[in-house]
Amino acid sequence: MNTINPEIGFFAKLRLQWFLLLRAILHIWVKARTLPQPFDDLQLDLEKPVCYIIDSYALSSLLILDRSCQEMGLPRPLWPLQAKGVQVPRSYLALRRKKGLFIRRTEVRSHSETLKQLVENVCDGKADDINLVPVTVLIGRAPDKETGLAKIFFTESWDLGGRIWRFLNSLVNGRHTMVQFSSPISLQALADEGLGAPRSLRKVSRILRVHFQRVRSAAIGPDLSHRRTVVDAVLRSPPVRAAIEEQARKSKTSEYKAWKQARKDAFEIAANYSYAFVRVAYFALKWFWTRIYDGVELQHFRKFQELAPNYEIIYVPCHRSHIDYLLVSYFVYFNGLVPPHIAAGVNLNLPLVGRFIRKGGAFFLRRSFRSQKLYSAVFHEYLARILSNGTSIEYFIEGTRSRTGRLLQPKGGMLSMTVRSYLRTPVRPIMFQPIYVGYERLVEGNSYLAELSGQKKKSESLGDLFKVFGILKQRYGKVHVSFAEPIFLDEMLDQHAPLWREEAAESDEKPAWLGSLVDQLGQEIMSGINEATHVNAINLLAVILLTTRKLAMSRDDLLKQLELYLGLLNHCHYSDRITFTEKSAEEIIGYGIELGVVENREHPLGDIIAVAPAQSILLTYFRNNVSHLLAVPSLIASCFLNRNSIGVEQLHRITLSLYPFLKAELFLPWDEDGFKKAVDDHVSWLVENRLLSKNAEGNVLRCPKGGGQKELQLRVMGHSLLQTFERYFITVAILAKNGSGTLTRGDLERLCYLTAQRISQLNEFAAPEFSDRNLFRQFIVLLRDEGVLTTNADEKLEFNEMLRQISNDAKFILSKEIRHGILRVAPQVLRHPDPE
């Protein structure tokens, strides 16, 4: 497509110059951002004629669009449409126009005459294909509120403003203008459907009208009623009225007193969204990122951006830092969408601070309110109301920030309430959007280090604000935010309850299938987050150096191991959304030294790279971020730590026996067949890279001879999951030592925790998750699910021969020294409480 000024007549040139003069004046104070970014994601074919479609005609919007097209090297809307068989003096059209000089009203029409001409010419074969490119121009963007005159003049809203409004709006909000290009619509593809020109015209007009409505909704947001109005509506709802009556009856007080308590709870919960505050926060955060980070990168956003206008969005990021929700809201707003309302713990509702984060969209909830019926009814109704209103929401299903770098087991509370709210009022389909957030250094690193070293977690306080000054003086590397594959609630509902649309689900009803749906939804969200992981330089250094006895490795060996892992990530795809650092092995080491994570120790026989003092525990955090990606190759390699060879069938049996436990702990994505294929793919890669070899028949695998580089690389890879397998063996050893039918589940958990704690102290493990009670509890539950353990009438745990098989398989992975060391420390049942 020609993007050079075409030949036009004298009067057309004069008109064009007039528009350019107006454009130059307008852009003295107007500055527009063009979306999507990167713009190449639009995939616009410039070999075909382009006609831009705007929702409603406004001269300011046209001039802003023209400037954006010129900057992006696109055909200009002010030029004639350059298409064979078409005579149109401009390359844009508007679906709606206003008529009148002083009192301007929207013209009533079913379609644009220019659009009709284009559709007819293409359908009749008189013109080649034409790409219709919908473009939304927003000068300032804020949701409507029920009160306040400023909305009429100062921001885009759902009303079509007149000339005076557009002028004032461009004066006030010109520096905050957004030009959103959407995916092109091919008229030839429409004509190929064989509907005929009239039906094709109606279809494309309907598509465009719905498209603009959804894009504006995503960018401006739904109507946001005043906080007090929302609270009043919540208190008037039948479920809350019933809860108030029940509260008054149970506490033997008046209904008015119970109503006052409900009102207090509602105001404690409700957000107080302020667009003005969001704009100020946007610029503050932009400065903050620039000050402390080397870069903040966003990945896989384009597909989400295309889907967002069609769905009610629930953002579900991993939770590793207080920076998480700031990053998500910042990127959502930066890319032209409305920031979500965020579910925050009531511990963040601090004096002064709570007021401001409410204005940013935060609504608060208590850690637990299962026994608080009135509060539960109020919160449930508030969530249902903002969901049905089309407000996007963000919450963390892990419940708290991960202190170990691993994803925590999902909590089903918010998911369950979301599903039940949707069943009550299914206005728009819900899309859950998992998000991975990865850091190279943590802002909360020192507090995490203290907690991981055994100190009690400190509650948030106003004094924490003063820590910002210390944060601003340090460097925290890069941050990566990656959008995972979305999860559609309707599809999951169809799987669990095919007739859910016909079933009336009242607010106090709980469908029998809800629990299984919420469990599956939680697991899929966590697996989705893992499938969007970005592997940074610090992750790779941690994965390698923490496997060594002294947390150090020769520079040459480290370079070769880094190159090996970069090749592994590039070849064996965990998912299509996995990304990893573009740095070379040498650059990774240099970058780690710059951030103070590792240090270079000079030596006459060759430099040594070692973990910097006091960094070993924090590095386990970054190793755990990516442990799921290396789980399969590490599991395979660990089978050769104590054996020179192993049969392929035996390898499959051992890996399959351990897979259910690893899958639950690391949220691995495969079913049994998929896991077998992953094992075979990684074995092939290991053979190709000479870390393993096969015999002539191909049924036996052998590791390299000892003392060589390949043997070292395989051993380092095998040690990545070694402490996980040691933790499993602790449970097996305690069961075997105490005998079947001896321990209760509580006894076993306590003994496992104390044993792991003691082994960790004896061996100076830099792995806080090694003695994590929750991981032991989860492993015990899985042993029951797999049929290894059963509970007798006395609540004692009994085991079968499968436990012996697990113990025998441990000989392939754990050395005799490790196994005997665990057996020596493993105690019999304690009759006194364990110390906290």
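**The surface patch and beyond**

Trp18, Leu21, Ile25 and Ile28 make up a nonpolar surface patch, together exposing about 430 Å² of accessible area. Nonpolar side chains (Val, Leu, Ile, Met, Phe, Trp, Tyr) are joined within 5 Å, like charges within 9 Å. Areas come from the Shrake-Rupley method with a 1.4 Å probe, and for residues only the protein chains shown count as cover.

The model is predicted: local features need pLDDT of at least 70, side-chain atom pairs count only at pLDDT 80 or more, and totals for chains, interfaces and linings use all residues. Residues are numbered from 1 along each chain as its sequence is written, and side-chain values use heavy atoms, leaving out hydrogens and water.

Trp18 sits in helix α1 (residues 10–26). Helices (H or I, at least four residues) and strands (E, at least two) are DSSP runs, numbered from the N terminus.

Next comes the loop between β1 (32–35) and β2 (50–56), which holds Pro36. A cis peptide bond joins Leu35 and Pro36, with omega about 5 degrees. Gln43 lies in the loop between β1 and β2 too. Its phi is positive, about 55 degrees, though Gln43 is not a glycine. Most residues other than glycine have a negative phi, and most peptide bonds are trans. Gln43 is exposed (over 50% relative accessible area), at 67%.

Methods
Patches are made of residues with over 30% relative accessible area and no salt bridge: like charges are joined within 9 Å, nonpolar side chains (Val, Leu, Ile, Met, Phe, Trp, Tyr) within 5 Å. A salt bridge is a side-chain nitrogen of Lys or Arg within 4 Å of a carboxyl oxygen of Asp or Glu. Buried means under 20% relative accessible area, exposed over 50%, partly exposed in between (1.4 Å probe, protein chains only).
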